Amino acid sequence: MLQLDRRILIGGIILVVLVALSLLTPILPLGDPAKVAAGPRLSPPSWLFPFGTDQLGRSNLPRVLQAIQSTCILSALAIALTMVVATPLALFAAYRGGLIDQGVMRIADVLFALPPMLMAVLVAAIVGPGWLASVAAIVMISLPLFLRIVRSAALSVARRDFVTVARLSGASPLRVVFVHLLGNIIGPLTVQFAYALSVGMLIESTLSFLGMGMQPPAASLGSLLFTGTPFIAIAPWLVLLPGLVLTLIVIAINLLSDGLRHAIDPIEQQGIA
C-alpha cells in the first residue's frame, strides 16, 4: 500500500485543481475564450479580467484554462500511446533476450542519441504543423526512455524464482510477460508515466511556441506564449501568466512523480537511498 507522501498530496491537489478548472471552463462564468473585444485591448489584470486581455480584447483567463486542457490532454494521449507501444516491446525483449533484446535496445540507443528538440523539430517538419506533429514528436522522444526503464525493471523481475516456476510449469510466454512481469513493474511504469508527462508537456509547448504544434483557433500554453511575445514590453502578462501556469503544472507533475517513486521504492522509504 502506498504511503501518502506530502509531495503526492501537493502535486495531486495542484493538478486536480488546474485540470478541473480547465475542463469546467465552458460552464464557468469566465466568458468565451474566443470572443473578440470582450474588453479593452491589452488591458492589464483586473477584477473583471483577472489575467488581462490580449491584443484582440479577448479575456486571457479562459484562454489560459482552455490551453491547459489542450496541453494536458495532448501530452497525456501521446505518453499513453508511447507506453502502449514501448511496454510490450521492452517486456518481450527482457523475457526473450538475445537478438530481440539487442535489436530493441539498439533502436532505443539510436533514438536516445538524437537531441530531443532537434528530433521534435524534424518530426514536426515531416508530419506538418498541428496537434499530430506534437503527438508524434512526444512519442519519438519518450519511446527510448520507456524502453530502457521497462526493460530494466522487467529484467530484475525475470530473474526471480516465481518467474522460473511459471516457465517450468508450462505457462505461455504471453502469460509470463503480461501477468508475472508486467504485474510486478506497475509501480516503476506509473512513475515513468508521470515523469514523461512533464517532458511531453514541455515538448508540446515548445513546438507550439515555434508555430509547429497546436494551430489557431485552438490554443495551448506554448501558442499563448508565442502570440504574447510581440507584446511583452507593453503587456508582459500575456507571457508571464501562461509561463507561470506551465511551470506550476510541470512542478506539480514532478512532485507527484517523486512522491510516487519514494512511496513505491522500499529502499527510499528506509532512507538508504
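What share of the contacts in the chain with a separation of 6 or more is accounted for by residues 24 or more positions apart? Such pairs account for 70% of these contacts, a contact being heavy atoms within 4.5 Å.

The structure is a predicted model, in which local features need pLDDT of at least 70 and side-chain atom pairs count only at pLDDT 80 or more, while totals for chains, interfaces and linings use all residues. Residues are numbered from 1 along each chain as its sequence is written, and side-chain values use heavy atoms, with hydrogens and water left out.

**Confidence and overall form**

The average pLDDT of the chain, that is, the predictor's confidence in each residue on a scale from 0 to 100, is 87, and 95% of the residues score at least 70. Over residues 267–273, however, pLDDT stays under 50, and the model has nine contacts beyond four places in sequence for this stretch. Where pLDDT is low, the predicted coordinates should not be read in detail.

The chain has eleven helices and zero strands, where helices (H or I, at least four residues) and strands (E, at least two) are DSSP runs numbered from the N terminus. Its C-alpha atoms fill a box of roughly 75 × 45 × 30 Å along the principal axes. Of the 273 residues, 46% are buried, with buried meaning under 20% relative accessible area, exposed over 50% and partly exposed in between (1.4 Å probe, protein chains only). The accessible surface, from the Shrake-Rupley method with a 1.4 Å probe, comes to about 13800 Å², and 72% of it belongs to carbon and sulfur atoms.

**Nonpolar cores**

A nonpolar core is a set of buried Ala, Val, Leu, Ile, Met, Phe, Trp, Tyr and Cys residues joined through side-chain atoms within 4.5 Å. The largest one has 45 residues, and Leu91, Leu147 and Leu181 have the most contacts inside it. The elements that give two or more residues to this core are helix H2 (60–96), helix H3 (98–113), helix H4 (116–127), H5, helix H6 (161–168), helix H7 (173–181) and helix H8 (186–209). Among these, H5 gives the most, with 15 residues. A second, separate core of 19 residues includes Val64, Ala67, Cys72 and Ala219.

Beyond four places in sequence, Leu181 touches Leu91, Tyr95, Ala154, Val157, Ala158, Val163 and Val176.

Val135 is found in helix H5 (residues 131–158), and its contacts, not counting residues up to four places away in sequence, are with Leu74, Ala78 and Leu81. The C-alpha atoms of Val135 and Ala78 are separated by 5.0 Å, although the two residues are 57 residues apart along the chain.

Pro50 has its place in the loop between helix H1 (6–23) and H2, and, leaving aside neighbours within four places in sequence, is in contact with Pro45 and Leu61. The C-alpha atoms of Pro50 and Pro62, twelve residues apart along the chain, are separated by 9.9 Å.

Leu42 also lies in the loop between H1 and H2, and has a positive phi of about 55° although it is not a glycine. Most residues other than glycine have a negative phi.

The relative accessibility of these residues is set out below.

| Residue | Relative accessibility | Class |
|---|---|---|
| Val135 | 7% | buried |
| Leu42 | 16% | buried |
| Pro50 | 38% | partly exposed |
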